[in-house]
Amino acid sequence: MSKIDKFDGTQYRFLSNFHTCKVIYKGVEYMHTEGAFQAQKTLDESLKLDIAKLSASESKKACGRHGLKLKDGTYIKVDLRPDWEEVKDQIMYEVVKAKFEQNPDLKERLLATGDVELIEGNTWHDNYWGDCTCSRCAKKVGGNHLGKILMRVREELKND
Ligand SMILES: [Zn+2]
């Protein structure tokens, strides 16, 4: 095997930001790296605490364009920090690094992937963090920024 191109199934789901695992980032405890990442879109510290309570898909929605209405009627919507495009890669790197530093079991599993290429293959047209494999995106080359960050973190942890 020379590459892992889907972060799912019992074997590789842990590479996904949706994987459930405690991660503390900038003093706030999240239940997955998705929440830790999404919450950084706002500069409102108390809103971050609300986002930290959400499931991965809820946090993604809440911090997206349309926000998220919770069952109790609360509406969560973030004002995207103005420098988001400039800082998002670094933030993704930091939350992913925190995930594997803080969860030794996951660190072991990441290191166990050796040198294989990690590609966040997806079907939801994300050609920035991953590489969408749908027929419409087939000709596009995905940036695979999440996969590249995972490989960078793996390399750094290997040399620790
Ligand atoms: Zn697509």
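1. Contact here means heavy atoms within 4.5 Å. On that basis, K107, L110 and L111 of helix 6 meet L150, V153, R154, L157 and K158 of helix 7. The residues of this contact comprise 5 nonpolar, no polar and 3 charged (Ala, Val, Leu, Ile, Met, Phe, Trp, Tyr, Cys and Pro count as nonpolar, Asp, Glu, Lys and Arg as charged, and the others, Gly among them, as polar).

2. The model is predicted: local features need pLDDT of at least 70 and side-chain atom pairs pLDDT 80 or more, whereas totals for chains, interfaces and linings use all residues. Residues are numbered from 1 along each chain as its sequence is written, and side-chain values use heavy atoms, with hydrogens and water left out.

3. Helix 6 (residues 104–111) packs against helix 7 (residues 145–158) at an angle of about 105°, their axes lying 10 Å apart. Helix 6 is therefore roughly perpendicular to helix 7 (angles of 65 to 115 degrees). The axes are lines fitted to C-alpha atoms over the stretch in contact, and angles run from 0 to 180 degrees between N-to-C directions.

4. The protein has 7 helices and 8 strands, which are DSSP runs (helices H or I, at least four residues; strands E, at least two) numbered from the N terminus. The C-alpha trace spans about 50 × 40 × 30 Å along its principal axes.

5. The lining of the largest pocket divides into 11 nonpolar, 9 polar and 12 charged residues. Helix 5 gives the most to this lining, with 4 residues.

Key: Angles under 35 degrees count as roughly parallel, over 145 as roughly antiparallel, 65 to 115 as roughly perpendicular and the rest as oblique.
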